[in-house]
Amino acid sequence: MLVDSLKTEMGIIYSRYYKDVYYFCLHLCEQNPDLAEELTQNTFFKAIQSAGRFRGDCEMKTWLCQIAKHHYISYLRKEKHLMKNTNAKQILENIADGQEPVHTRLEDSETASEICSILDGLEPPYDEVFRLKVLQEMTYKEIAAIYKKTESWVRVTYYRAKQKIIEAMK
């Protein structure tokens, strides 16, 4: 009876959070759908294995994203390579400098190449916080929980990342 209850609960959690975790993983692995699917499946597998350790200090989605992030870091260590961001246009379409949206600056491939270079040079945690906020549309609270920092830290980090990108584009 307990096993059936657990299966039902995990099915509900999987159905509810699968897309969020998948898109989070897709972002982490630079739009590689096969790797994102593998990371997502492993995330839920690890969540089932460690379900007893979930204390409820954060939301389920945040906890699952933390598991995904740690699994991805382990994957990178094993593979000994880092993936670069190749989705600059999608990220930068969401930034405005107060005068004009960035996507209006993407008129030619030279400009797009320059933006990719800026993003590739953005150091952690600025690049990661920026991507989580813009691509994953996570709240400051959710990002703070992932990094185990305050919401103020996330706000400042996000603002600084945005300013670095805007400044480099001028």
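**View 1. Lys148, a residue in the open.** Lys148 is exposed, with a relative accessible area of 68%; here exposed means over 50%, buried means under 20%, and partly exposed covers what lies in between, using a 1.4 Å probe and protein chains only. Welcome to a predicted model, in which local features need pLDDT of at least 70 and side-chain atom pairs count only at pLDDT 80 or more, while totals for chains, interfaces and linings use all residues. Residues are numbered from 1 along each chain as its sequence is written, and side-chain values use heavy atoms, leaving out hydrogens and water. Lys148 sits in the loop between H7 and helix H8 (151–169). Helices are DSSP runs of H or I with at least four residues, strands are runs of E with at least two, and both are numbered from the N terminus. What is the phi of Lys148? Its value is near 55 degrees, which is positive in a residue other than glycine. Most residues other than glycine have a negative phi.

**View 2. The whole chain, for orientation.** The protein chain has 8 helices and 0 strands, so from the N terminus on its elements read α-α-α-α-α-α-α-α. Of its 170 residues, buried ones make up 41%. The accessible surface comes to about 10400 Å², and carbon and sulfur atoms account for 50% of it; these areas come from the Shrake-Rupley method with a 1.4 Å probe, and for residues only the protein chains shown count as cover. Take the contacts (heavy atoms within 4.5 Å) between residues at least 6 apart in sequence: 62% of them join residues at least 24 apart.

View 3. H7 is mostly covered, with 6 of its 8 residues buried. Which residues of H7 are buried? They are Tyr140, Glu142, Ile143, Ala144, Ile146 and Tyr147. Ala145 is also found in this helix, which spans residues 140–147, but at 22% relative accessibility Ala145 counts as partly exposed. Leaving aside residues up to four places away in sequence, Ala145 touches Cys58, Thr62 and Gln66. The C-alpha atoms of Ala145 and Trp63 are separated by 8.3 Å, although these residues are 82 apart along the chain.

View 4. Rings of Phe, Tyr and Trp (its six-membered ring) pair if their centres lie within 6.5 Å; planes under 30 degrees apart count as stacked, over 60 as edge-to-face and the rest as tilted. By this rule the count comes to 7 aromatic pairs. One of them joins Tyr14 and Tyr18, whose ring centres are 5.3 Å apart and whose planes meet at 45 degrees, so the pair is tilted. Tyr18 and Tyr22 form a stacked pair, at 6.0 Å centre to centre with 15 degrees between the planes. Tyr14 and Tyr18 both lie in helix H1 (residues 2–28), 4 residues apart, about one turn of the helix; the spacing of Tyr18 and Tyr22 in H1 is also 4 residues. Is Tyr22 buried or exposed? Tyr22 is buried, with a relative accessible area of 15%, whereas Tyr14 is partly exposed at 30%. Tyr14, Tyr18, Tyr22, Tyr23 and Phe44 form one aromatic cluster.

**View 5. Two lysines over tyrosine rings.** A charge sits over a ring if NZ of Lys or CZ of Arg is within 6 Å of the ring centre and within 35 degrees of the ring normal. Lys69 lies over the face of Tyr147, at 4.2 Å from the ring centre. Lys164 lies over the face of Tyr126, with 4.2 Å to the ring centre.

View 6. Cys58 is in no disulfide either, as the nearest cysteine sulfur, that of Cys65, is 9.7 Å away.

**View 7. A cis bond between two prolines.** The peptide bond from Pro124 to Pro125 is cis, with omega near 0 degrees. Most peptide bonds are trans. Pro125 lies in the loop between helix H5 (109–121) and helix H6 (126–134).

**View 8. His71 in helix H3.** His71 belongs to helix H3 (residues 60–79) and counts as buried at 14% relative accessibility. Beyond residues up to four places away in sequence, His71 touches Leu39, Asn42 and Lys46.

Terms used. Disulfide = S-S within 2.5 Å.
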